[in-house]
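Please read the following with the sequence and the model side by side.

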Amino acid sequence: MTRARDRVEHFLDRIARLDPSLNAIRCLADDSRARADACDATPASGPLHGRVVLVKDNVAVAGLPLTAGARALAGFRPRRDATIVARRRAAGAIVLGKTNLTEFADYVGETMPAEFSGLGGVVRHPFGARYDRGFGSSVGSACAMAAGLCDIAIGSETQNSIQTPAAASMVVGLKPTVGLVSRAGIVPLAISQDTAGPICATVADAALALQVLAGADLDDTLTLASAGRGAVASVAGALRLGVARDVYFGRAGHGEADGIVEAAIGRIAASGVTIVDPVDIPSARLVADLRSCVFRSEFKAALGAFFAAQGAPFADMAGLVAWNRAHPEAIPFGQGLMEAALETGLPLDHPAYRADRARDIALTRSGGIDA
């Protein structure tokens with residue numbers, strides 16, 4: 001295997017040459033070369049020994065800024081690594097730096113494109129397209145992976161923020177089941193839906209990365225239910241692919257994309273994979289039209305708790321919103337979503353929030369993917 005120091009130098013060189021035109025990288029770690037040298041001087045310490053990782057800038061990395069793309073948090077440095085970063089280091093990985101993202105995971109302004117954050121600016125698509133509105137917030141991680149700036153990138157998802165930018169960048173994005181991967185040390189959006197996951201060049205790399213990321217964490221009690229569960233089962237010779245057609249296929253203007261997917265399904269079937277077609281989610285159309293208070297309520301509650309735990313410069317969302325109001329140049333697309341969360345977000349013991357959350361679970365779990 002290539003020496004860790006050589007891998008670090010290779011990626012630093014590519015970043016120096018390519019990233020000025022991409023703007024995928026938020027910041028670089030000062031200690032990556034030293035960590036690579038230490039890695040080369042010791043026996044393999046884990047399955048990611050010597051692999052080079054870039055981390056989305058809503059994930060805490062000790063010694064590096066944690067900004068979520070916001071100018072208001074430009075000087076904020078977290079107290080310790082997020083659990084998933086600590087796990088990667090324990091597995092031998094080298095954190096090279098952090099990637100740009102849609103500011104606060106795209107819950108600031110209603111028209112802000114996915115490629116933008118007030119602090120990081122615009123992430124440019126490596127193949128000349130755009131990460132426009134709705135393309136998911138892990139754009140810097142997906143761009144960096146597509147441009148070959150790292151071995152593994154880390155993104156996060158609440159709704160579509162790993163899957164969509166990965167698909168748009170022609171790389172592999174894996175969104176784990178919520179509760180499989182610790183959220184401790186990650187800037188929250190909707191805590192009942194947040195999860196981190198890998199963005200990689202291959203499915204094999206994504207599976208390996210998930211095995212390292214997954215596991216129980218006392219700092220995130222939701223993960224305790226997944227203790228002892230293997231992140232990736234051994235399924236050689238027994239792969240099954242389900243095709244969810246309702247809602248996802250047959251949309252106006254998507255005929256060419258549908259044709260490409262149909263051809264891919266045929267190639268996968270020819271390789272020996274069992275195709276189960278269709279595997280429609282009963283509630284798919286209801287979910288597509290769902291309106292809920294869960295996002296804004298959980299964002300308001302969880303952001304304040306996160307700020308307090310990490311020693312952020314603001315005590316709660318109100319302080320952040322006030323700072324933005326005083327610095328409108330920092331939020332050129334406004335902060336309508338954040339203002340709405342502050343003004344209308346409900347306490348998490350409120351009956352209306354509990355009713356919306358129960359409906360979410362009924363539609364997406366028992367009446368959705370489980371069904």
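Where is Asn23 found? In this predicted model, Asn23 belongs to the loop that runs between α1 (4-22) and β1 (25-28). Its side chain comes to 2.7 Å from the backbone oxygen of Gly120. Setting aside residues up to four places away in sequence, Asn23 touches Asn100, Gly120, Gly121, Val122, Val123 and Arg124.

Next comes helix α2, which spans residues 32-40. Its buried residues are Ser32, Ala36 and Cys39.

The empty spaces come next. Rolling a probe the size of a water molecule over the atoms shows where empty space is left. How many cavities of 30 Å³ or more does the structure hold? There are two of them. The largest cavity has a volume of about 40 Å³, and its lining consists of Asn58, Ala68, Leu101, Phe104, Ala105, Val187, Pro188 and Leu189. By class, that lining has seven nonpolar residues, one polar residue and no charged residue.

The second largest cavity has a volume of about 30 Å³. Its lining is made up of Val53, Val55, Ile84, Val85, Arg88, Val95, Ile154 and Leu213. Two elements, β2 (52-56) and α3 (83-90), each give two or more residues to this lining. Of the elements, α3 gives the most, with three residues. The lining of the second largest cavity divides into seven nonpolar residues, no polar residue and one charged residue.

Pockets, unlike cavities, are open. The second largest pocket contains about 530 Å³ of space. Of the 31 residues that line this pocket, Arg183, Ala184, Gly185, Ile186 and Phe306 are the closest to its centre. The elements that give two or more residues to the lining are β6 (152-157), β8 (195-200) and α9 (294-310). Among the elements, α9 gives the most, with five residues. Sorted by class, the lining of the second largest pocket has 13 nonpolar, nine polar and nine charged residues.

Some loop residues deserve a separate look. Leu180 lies in the loop between β7 (172-173) and β8. Is Leu180 buried or exposed? Leu180 is buried, because its relative accessible area is 7%, and the cut-off for buried is under 20%. From C-alpha to C-alpha, Leu180 is 9.7 Å from Asp217, although the two residues are 37 places apart in sequence.

Gln335 occupies the loop between α10 (317-326) and α11 (336-344). With 5% relative accessibility, Gln335 also counts as buried. Apart from its neighbours within four places in sequence, Gln335 is in contact with Val108, Gly109, Val321, Asn324 and Arg325.

The last topic is backbone geometry. Most residues other than glycine have a negative phi, and most peptide bonds are trans. Ala105, which is not a glycine, has a positive phi of about 55°. Asp106 likewise has a positive phi, near 70°. Ala105 is found in the loop between β3 and β4 (116-117), and Asp106 is placed in the loop between β3 and β4. Ala105 counts as buried because its relative accessible area is 17%. Asp106 counts as buried at 16% relative accessibility. Ala105 is also one of the residues that line the largest cavity.

Which peptide bond is cis, with omega near 5°? It is the bond from Asp277 to Pro278. Pro278 has its place in the loop between β10 (274-276) and α8 (284-288).

Note on methods:
Residues are numbered from 1 along each chain as its sequence is written. This is a predicted model: local features need pLDDT of at least 70, side-chain atom pairs count only at pLDDT 80 or more; totals for chains, interfaces and linings use all residues. Side-chain values use heavy atoms; hydrogens and water are left out. Helices (H or I, at least four residues) and strands (E, at least two) are DSSP runs, numbered from the N terminus. A polar contact is a pair of N or O atoms within 3.5 Å; within protein, one must be able to donate a hydrogen and the other to accept it, and residues adjacent in sequence count only if both atoms are side-chain atoms. Contact means heavy atoms within 4.5 Å. On a 1 Å grid over the protein atoms alone, a cavity is a set of points where a 1.4 Å probe fits but cannot get out, and a pocket is an open set with protein on both sides within 12 Å along at least five of seven lines; lining residues have an atom within 4 Å of a point. Grid points are joined across faces, edges and corners, and a volume is the space filled by probe spheres set on the points. Ala, Val, Leu, Ile, Met, Phe, Trp, Tyr, Cys and Pro count as nonpolar, Asp, Glu, Lys and Arg as charged, and the others, Gly among them, as polar. Buried means under 20% relative accessible area, exposed over 50%, partly exposed in between (1.4 Å probe, protein chains only).
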